[in-house]
Amino acid sequence: MNSDLFKYGILLLLLPILQVGIFNNIDFMGHINPYFYIIFVFVFPVKNSKTILLISSFLLGLFIDILTNDGGIHTFSLVLISYIRLPFLRIITGKSDLDQAQFNIRDLSLPVLITWITILTLLHHFFLFLLEQFSFAQFGNLLLKTLLSSLFSIVLIIFGLQLFLKRRSNA
Amino acid sequence: MLQLINFFSNNKTGLLFVLLEVIAFVFILNSHSYHQSKYLSSANGISGSILKKSNSINNYFLLNNKNKALVKENELLKNQLEHTENQAISSINPLSKYKYTAATVISNPYTKRNNVLTIDKGSLDSIRPNMGVVLTNGIVGITLKVSRHYATVLSLLNNQAKINAKMKNSHHYGSLHWNGKDFTSVNLEDLPIQANIKKGDTIISGGKSVIFPEGIPIGSISDFVIDNKSYTNISIHLFADFSALHNVYVVKNSKKEEQLELEQNSVHE
């Protein structure tokens with residue numbers, strides 16, 4: 001538990017720097033950026049308490065918002081998906097009684113993992129862009145931006161997840 | 001009510017979730033007001049230095065382009081000097097009320113609806129809130145929050161920015177406002193129908209505010225519609241490339257207080 005706390009504390013500080021230093025500068029096709037930092041919600045162990053996840057997500061979102069002058073849009077969207085990540089996992093796997101103590105993200109089959117990440121990423125990006133423009137005007141544009149940006153994020157997150165999980169299973 | 005309390009005491013994570021979301025939402029609302037908190041903006045020291053580091057890495061890969069832009073700017077300034085040599089040189093005139101401080105943009109989002117830049121000069125370089133930030137070929141924005149070494153700038157590409165501008169060839173004024181779609185163009189609003197405009201006309205800064213000097217070129221008219229005897233949708237193609245801002249100048253108007261005080265007093269009488 002203690003080493004976990006340390007590990008995810010480091011991740012909490014590292015992800016904002018990666019996001020602002022690298023991923024926010026990609027500007028693919030002019031304005032498409034991946035939001036890689038939400039990988040935090042996927043790698044955070046299920047066995048740990050929900051309260052800690054919510055508070056760390058809040059802090060992570062806040063760091064990103066401060067660095068990008070975005071007010072609270074990253075905080076809001078990230079806390080949202082970290083609250084609904086387990087209910088969604090239950091729906092996708094079809095197991096209403098998920099054994100939280102035994103559960104491990106490595107046990108998920110790839111299609112389930114991809115579905116889970118896709119749904120949460122789409123939700124996160126949709127709320128992020130909606131809160132950014134703060135109106136329902138140009139709704140088509142909003143959906144397009146959500147889709148393109150999500151595609152980018154999902155690929156990066158799945159790739160990053162493979163690295164993260166592989167490295168830890170060898171250790 | 002009792003049921004509600006019961007529900008939340010059985011569901012502490014739910015309560016925490018709601019609480020955190022409410023806090024985040026308050027931050028969002030705050031960011032939409034002009035007076036946003038200094039500590040939640042990138043003008044604070046820690047995020048300033050992180051942004052500066054990440055900017056210096058990116059700069060390394062963009063040196064070539066920046067050199068070209070600087071050479072171009074030099075050329076422009078030299079030409080201006082040629083033209084003004086025989087006239088009174090207002091820019092070097094010691095009585096000129098505008099002083100310029102060079103600054104580097106260390107964070108430059110331009111694809112959001114409301115963009116806020118960060119520059120690497122702050123109160124130690126006598127930067128204060130509400131100063132103009134300009135280029136030789138455009139207006140960048142107005143300083144918002146200032147810390148010792150950094151300042152944030154409300155970009156022209158922000159819903160809250162309304163900047164006074166006028167036609168180069170007449171004295172008709174309007175105000176610039178960004179519609180959030182394309183970072184290469186802004187709209188000119190409230191221009192009276194009496195102004196005779198055509199495509200390609202140049203728009204310069206108006207000098208009606210105490211923030212910007214008059215006569216900085218901003219852009220040219222790329223399109224306009226006349227509807228019900230007034231101009232609607234005059235789009236201005238910006239001369240400055242907002243996706244590649246690097247070296248900017250902060251304008252200090254040394255007679256700003258004097259002018260504001262005079263105007264204030266005149267209103268009260």
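Analyst: A contact here means heavy atoms within 4.5 Å. In this predicted model, residues 24 or more positions apart account for 60% of the contacts in chain B with a separation of 6 or more. Chain B has 4 helices and 12 strands.

User: Why is Lys166(B) called buried?

Analyst: Buried means under 20% relative accessible area. Lys166(B) has 4%, so the residue is buried. Across chain B, buried residues make up 41% of the 269 residues.

User: What makes Lys166(B) and Glu214(B) a salt bridge?

Analyst: The cut-off is a side-chain nitrogen of Lys or Arg within 4 Å of a carboxyl oxygen of Asp or Glu. For Lys166(B) and Glu214(B) the N to O distance is 2.8 Å, so the pair meets the definition. Lys166(B) sits in strand β6 of chain B, and Glu214(B) in the loop between β9 (202-205) and β10 (217-227), 48 residues apart. Glu214(B) has a relative accessible area of 48%, so Glu214(B) counts as partly exposed.

User: How do you know that Lys198(B) is exposed?

Analyst: Exposed means over 50%. Lys198(B) has a relative accessible area of 52%, and is therefore exposed. Asp201(B), with which Lys198(B) forms a salt bridge at 3.5 Å, is buried because its relative accessible area is 6%. The structure holds 6 salt bridges over all chains.

User: Which salt bridge does Glu189(B) form, and why is Glu189(B) called partly exposed?

Analyst: The side chain of Glu189(B) meets that of Lys162(B), at 3.3 Å from N to O. These two residues are 27 apart, with Glu189(B) in strand β8 and Lys162(B) in the loop between β5 and β6 of chain B. Glu189(B) has 25% relative accessibility, so it counts as partly exposed.

User: What makes a set of residues a nonpolar core?

Analyst: The residues must be buried, of nonpolar types such as Leu or Phe, and joined through side-chain atoms within 4.5 Å. The largest such core has 48 residues, and Phe40(A) and Leu161(A) have the most contacts inside it. Helix α5(A) gives the most to this core, with 10 residues. Apart from it lies another core, of 46 residues, including Met131(B) and Val250(B).

User: Where is the kink in α4(A)?

Analyst: The kink, of about 45°, lies at Arg85(A), shortly before the proline Pro87(A). Helix α4 of chain A covers residues 73-93 and reaches 30 Å from its first C-alpha to its last, close to the 30 Å expected. Gly94(A), which follows α4(A), has a positive phi, near 75°.

Methods: Residues numbered from 1 in each chain as written. Chains lettered and ligands numbered in written order. Predicted model: local features only at pLDDT ≥ 70, side-chain atom pairs only at ≥ 80, totals over all residues. Heavy atoms only, no water. Buried < 20%, exposed > 50% of the residue type's maximum accessible area, 1.4 Å probe, protein only. Expected span 1.5 Å × (residues − 1). Bend = angle between axes of the 7 residues up to and from the residue.
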